[in-house]
Amino acid sequence: MASSSLSTFPSLHTQFSSPKKPLLSPSTKKYKHSVRFRPTIYASAKPQITGSKPKSEKLPVKKIPGNYGLPLISPVMDRLDYFYNQGKYEYFKSRIQKYHSTVFRVNMPPGPFIAPNPKVIALLDGKSFPILFDLTKVEKKDLFTGTYMSSVELTGGYRVLSYLDPSEPRHAKLKKLLFFLLKSRRDHVIPEFETSYGELFETLEKELKTKGKASFPEANDQAAFNFLARALYGSNPADTKLGLDGPKLVSKWVVFQIGPQLTLGLPKFLEELLIHTFPLPPFLVKSDYQRLYDFFYESSGFVLDEAEQLGISREEACHNLLFATCFNSFGGMKILFPNMMKWIGRAGVKLHTELAQEIRSVIKSNGGKVTMAAMEQMPLMKSVVYEALRIEPPVAQQYGRAKRDLLVESHDAIFEVKEGELLFGFQPFATKDPKIFERPEEFVGDRFVGEGERLLKHVLWSNGPETGNPTLGNKQCAGKDFVVLVSRLLVVELFRRYDSFDVEVGVSPLGAAVTITSLKRASF
């Protein structure tokens, strides 16, 4: 595994990952002193782990509490609780209270008739959750969407990379292809982000002027798709047959895959029948998918050439590029960026001012340019991004099937798991574990500044710890460092332009429905 780590791609590692040295380097200390960050409710936290059991204490071995109830009936009743009667957070919280345990047996939606076996063992704390990353203990085959797998007709007849276990030969080849794409286009990421999100902010300002408010998700969808196409493939969608239709085609296609896990705001009975009980037929999005496929096939010739050198057909490579770009990357930005705007917007003027001071000062001292090196000198900005990834991870669920009989350890007990049982982790409970994080439910802007950086191993959004790296032999997101980079760029572009902003927040099937109500132009 060491031979297949990201160090195999040193240029990519340099461009897209954070150095492991402490945040408070001499230059950072100097800058932080000049800004004089003061503790506030949003921008201060003691970076200590509280309440965790000493390693020397022997934990009791317990039977996993909970049960699955009656076949068919109980999974459906649980599904109604999960989506409507309780909601997903209360669904898990009430069972933690009932069983006095963060590890228990439970049914996971969608259940009948999409998922024939909804039985899982839930892991809802930061200590038990990481076993889902240990590939010596769990298998990841066909578990990307959990207890069911979407039809391969939605991906050109191929099981794409996200559904492959690292033990399958095609996994390493396809992941290596994604590393190649990221490495070869690394120099285009920052300039294309500045262009695409510069267009986004212009759009928001025009809407604010004419309507008094502006929808961030709508503008973000177009900006994200344009950015990914331009940065990764050198293609401007508006100049092709695809035009501006990319975001709506992708969003529709994604619903056909993860609809069984969503609520769309339809009447309960209709929603249950249409998306929770039976899978949507793939032929309804076949023509939409073909338009996306044609765009990526025409735009990714240099990557398809590399795929053939790796022993991957051009067709299979294109379907994987489409999935990685549209489902993984665009889908991630569609969820993560509005959530970031929500949390940062709610944090208030104090944090906004500190971010603006830090970002503008560093850009000025680096010749007015945004570079990777410059962003490494912005400890508060970096911490804010990690805090957004912690408090509301863009990927909430992780699964792994036990390869053998094994033991799972929570803070309070050890549990025996049998070979073949399905382990499930709901990540927000792991990354808001009060025995790991102080004030876990609060957005604390500087949580990961200085000594707080050691808590990064508990930030788990990428199917692995933030301190880990994606390799050919693991399931950590191939674009982990890319996602962190573009998230930093969003914060940088926002606060180099504006002193502060205000938001209204509603609900949405994917991400937050964020409405911008004001943008205060930079005054210093």
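Is Arg 360 buried or exposed? In this predicted model, Arg 360 has a relative accessibility of 13% and therefore counts as buried, since the cut-off for that term is under 20%. Its partner is Asp 499, and the two side chains meet in a salt bridge with a distance of 2.9 Å from N to O. Because Asp 499 lies in strand 10 (residues 498-506) while Arg 360 belongs to helix 13 (residues 349-365), the pair ties together parts that are 139 residues apart in sequence. Asp 499 also counts as buried, at 15% relative accessibility.

A further pair is formed by Glu 376 and Arg 488, whose side chains meet in a salt bridge at 3.1 Å, again given from N to O. This pair, too, links distant parts of the chain, with Glu 376 in the loop between helix 14 (372-375) and helix 15 (379-391) and Arg 488 in helix 17 (residues 480-497), 112 residues apart. Glu 376 is buried with a relative accessible area of 18%, and Arg 488 is buried with a relative accessible area of 3%.

The surroundings of Asp 305 and Arg 314 can be described in the same terms. Their side chains meet in a salt bridge of 2.8 Å, N to O, yet Asp 305 counts as partly exposed at 41% relative accessibility, and Arg 314 counts as partly exposed at 21%.

Salt bridges can also be joined into a network, as with Glu 194, Glu 493, Arg 496 and Arg 497, which are linked in this way. The structure as a whole holds 31 salt bridges.

Note on methods: Residues numbered from 1 in each chain as written. Predicted model: local features only at pLDDT ≥ 70, side-chain atom pairs only at ≥ 80, totals over all residues. Heavy atoms only, no water. Salt bridge = Lys/Arg side-chain N within 4 Å of Asp/Glu carboxyl O. Buried < 20%, exposed > 50% of the residue type's maximum accessible area, 1.4 Å probe, protein only. Helix = DSSP H or I, 4+ residues; strand = E, 2+ residues; numbered from the N terminus.
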